[in-house]
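Please look over the model shown here before reading on. The report takes up a few local features in turn.

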Amino acid sequence: MHQSVLLQEVIEAYTPLSYIQNPILIDCTLGLGGHALALLQAYPHLRIIGIDRDREASTLAKQRLETYMPRFTYYHGTYQDVISQLVQEGIWERCDGVLADLGVSSLQLDTSTRGFGFDSSTLDMRMDIDASLDAYKVVNRYSLYELERVLERGEVRGAKKIASLIVQRRHQRVFQDAKDLASFLSTHLKRHKHHPATLVFQAIRMEVNDEMGNLRALLNYAKNLKHALLTIISFHSLEDRQVKHAFKEFAKSYGQCLTKKPITPSMLELQQNPRSRSAKMRIFHFQG
């Protein structure tokens, strides 16, 4: 089962909700429901609206949260699209908390057919399996220029060289799966602390799922929040920098940033869940 990062810290972040009558929290990235379950257990009057585009994960989440269904509602889709709907329904401005855990779940990473892992049997990486764009198209059909831009946006060092290597290789033989791509990158890139293909895979995944576009939309919609706590957990510098900058701007007009420095996993959590190592959590209080 996927281990939700900074679980206790998330529960503590929403302590103010215990003083509100029937508070509403929007979980923008429901995943397997770990954070939602813990929050529903901690705050017996809390109602959660969960959003996710991964049908496999949300099916499992709804099973976990079945007992709490009277206080839990699920919306399928990207949080960018669903928030737009919630704005129209008048729910967004009335909510008391918003949570976004931007990481990839263990279910996605460890399921071979999803294409997220280095040993995956496909080249997919779609969080929504109904989406038209997948990693196969990005790797095998994007032009050299487009591929280079994808890697640059993902802050991959040597983006031009790597894009060129990928294009040269696919002229001879297309990349069939993630294992093929990871193996190819391993032979051409230096190994540092992590797998040499880590940042390339991350950049491709971000392109497939428009992750930065969704984050920008969330931060833009956040300006309409009134008396709400916004908590965002990011996993790489690109995301964290975007959140840090937005919260700094928000503080000029909308409220107060409650985290001068990001909250990171404890040593115990790092030992129990090494995948949490890059997690950074920032909290902003909108004061209406």
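What follows is a short account of a predicted model, arranged by topic.

## Packing of α4 and α11

Helix α4, which spans residues 79-88, packs with helix α11, residues 211-222, at an angle of about 25°, and their axes lie 9 Å apart. Because angles under 35 degrees count as roughly parallel, α4 is described as roughly parallel to α11, and the crossing in which α4 passes α11 is left-handed.

On the α4 side, the contact is made by Tyr79, Gln80, Ile83, Ser84 and Val87, while α11 contributes Glu211, Gly213, Asn214, Leu215, Ala217, Leu218 and Tyr221. By residue class, this contact of α4 with α11 divides into seven nonpolar, four polar and one charged.

## The buried side of α7

In helix α7, residues 144-153, the residues Leu147, Glu148, Val150 and Leu151 are buried. These residues cover an arc of only 155° around the axis, and therefore lie on the same side of α7. The partners against which the buried residues of α7 pack are α6 (135-141), α8 (159-172) and α10 (198-209).

Just after α7, the backbone at Glu155 takes a positive phi of about 55°.

## Surroundings of Gln287

Gln287 belongs to strand β7, which covers residues 280-287, and with a relative accessible area of 37% Gln287 is partly exposed. When residues up to four places away in sequence are not counted, Gln287 touches Lys226, His227, Tyr254, Gly255 and Gln256. Met267, by contrast, is 20 residues from Gln287 in sequence and 33 Å from Gln287 in space, taken C-alpha to C-alpha.

Technical notes
Residues numbered from 1 in each chain as written. Predicted model: local features only at pLDDT ≥ 70, side-chain atom pairs only at ≥ 80, totals over all residues. Heavy atoms only, no water. Axes fitted to C-alpha atoms, helices over the stretch in contact; angles between N-to-C directions. Helix = DSSP H or I, 4+ residues; strand = E, 2+ residues; numbered from the N terminus. Parallel < 35°, antiparallel > 145°, perpendicular 65-115°, else oblique. Left-handed = near helix turned anticlockwise from the far one by under 90°. Contact = heavy atoms within 4.5 Å. Nonpolar A, V, L, I, M, F, W, Y, C, P; charged D, E, K, R; others polar. Buried < 20%, exposed > 50% of the residue type's maximum accessible area, 1.4 Å probe, protein only. Arc of directions from axis to C-beta.
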